[in-house]
Amino acid sequence: MVGVTLDKVTKRFGRVIAVDRVSLDIAEGEFFFLLGPSGCGKTTLLRMIAGFYDPEGGRILFGGRDVTDVPPNKRNTGMVFQNYALWPHMTVRKNVEYGLSMRGVTRSEMDTRVNRTLDMVQMSPYADRSPNQLSGGQQQRVALARALVIEPDVVLMDEPLSNLDARLRLEMRQHILDLQREIGTTMIYVTHDQKEALAMSHRMAVMDSGHVVQVGTARELYQNPQSRFLADFIGEINFIAGTVSELGDFVVVDTGLGPVKGRVSGGNVQRGDSVVCAIRPEGLTFVEGEPKATENTVSGQVRHVVYLGEVEQYVIDLVDGTPLKVIEYDPINPKAARGDEVRLAFSPSKVVVLPADRDSHAETV
């Protein structure tokens, strides 16, 4: 178990810069996620950590040891692939022990470690089956066991749950999380599924176009995004465009709906800057009568109402045409019907004021 440091790592494919001077410090025993849309560079970065790709620039360190030029089989990493990559002609046991046999581990030690690891992933009863006799979730457990049995310093996981159905994905998500807590091994996990990253990670790096946009815990990134891209990528968000007119603990933004107060998340804004006010759907409430003097308010007409059991979703067209999504949790009765004129209130603390440029890369070095 070691920490992993990436120091200005760069990778090109022809004229395309897939990873652009990325620097990260991943702590020993951390469950760290690389999150981003398709093509953002997260899998390329993971493959450089594994040693499958050589970087054009920068360094990769495991526990302070420079492994940039060390071949994959000398890095002591375990890899879990999206497509499982199990040998179809081998039993579960033979698949799991393969890496140990390649390392020359004695038979008695091999049996001990394979049995322990199969118990860990709850696959001991299936040890003599072939992979094609297993469900997708069971195959993924075998792939995980094969990565863990070699006792790696770092486990690398490339979208390991993307081929599973929704219910099985939730089950495996919890199993992997419990397993990481039990063994404490450093894990680096690539996904484009924001819910997966929010639910499982200690910390995450969100990537876009080869850059790291922001690094932090799930709570930090959800509540305090530092760019429009990040706010839009993680969770659902509403944007109201405007111009900064007053500075202070809460800045005032002049919008087509009137002044909106909010807080700045990282960086600085100046009077006259073009910005967007980012508001999560759960931060908005329907109001009747006079709202609190400390709240922002907007008005509009209900376009859609969707009841989903635990939540009710509304889309409101504001007076200037801006669409706003509102979420009510545990709804007993609807707050409004399609076509109703409504007013919405939201606290300045629920508004994050961000630069209007969607493509800013806050963490790029």
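**Note on the salt bridges**

1. The count comes to 14 salt bridges, a salt bridge being a side-chain nitrogen of Lys or Arg within 4 Å of a carboxyl oxygen of Asp or Glu. This is a predicted model, in which local features need pLDDT of at least 70, side-chain atom pairs count only at pLDDT 80 or more, and totals for chains, interfaces and linings use all residues. Residues are numbered from 1 along each chain as its sequence is written, and side-chain values use heavy atoms, with hydrogens and water left out.

2. Glu-151 pairs with Arg-116, with 3.1 Å between the closest N and O atoms. Glu-151 sits in the loop between α4 (136-148) and β7 (154-158) and Arg-116 in helix α3 (residues 107-120), so this bridge ties together parts 35 residues apart in sequence. Helices (H or I, at least four residues) and strands (E, at least two) are DSSP runs, numbered from the N terminus. Glu-151 is partly exposed at 44% relative accessible area, and Arg-116 is partly exposed at 40%; partly exposed lies between buried (under 20%) and exposed (over 50%), with a 1.4 Å probe and protein chains only.

3. Lys-325 and Glu-236 meet in a salt bridge at 2.6 Å, N to O. Lys-325 belongs to strand β18 (residues 323-329) and Glu-236 to the loop between α8 (228-233) and β11 (238-246), so the pair links parts 89 residues apart in sequence. Lys-325 is partly exposed at 24%, as is Glu-236 at 35%.

4. Asp-178 and Arg-181 form a salt bridge, the closest N and O atoms being 3.9 Å apart. Both lie in helix α5 (residues 166-183), three residues apart, or about one helical turn. Asp-178 is partly exposed at 38%, whereas Arg-181 is exposed at 57%.

5. Lys-94, Glu-97, Arg-107 and Asp-111 are joined in a network of salt bridges.
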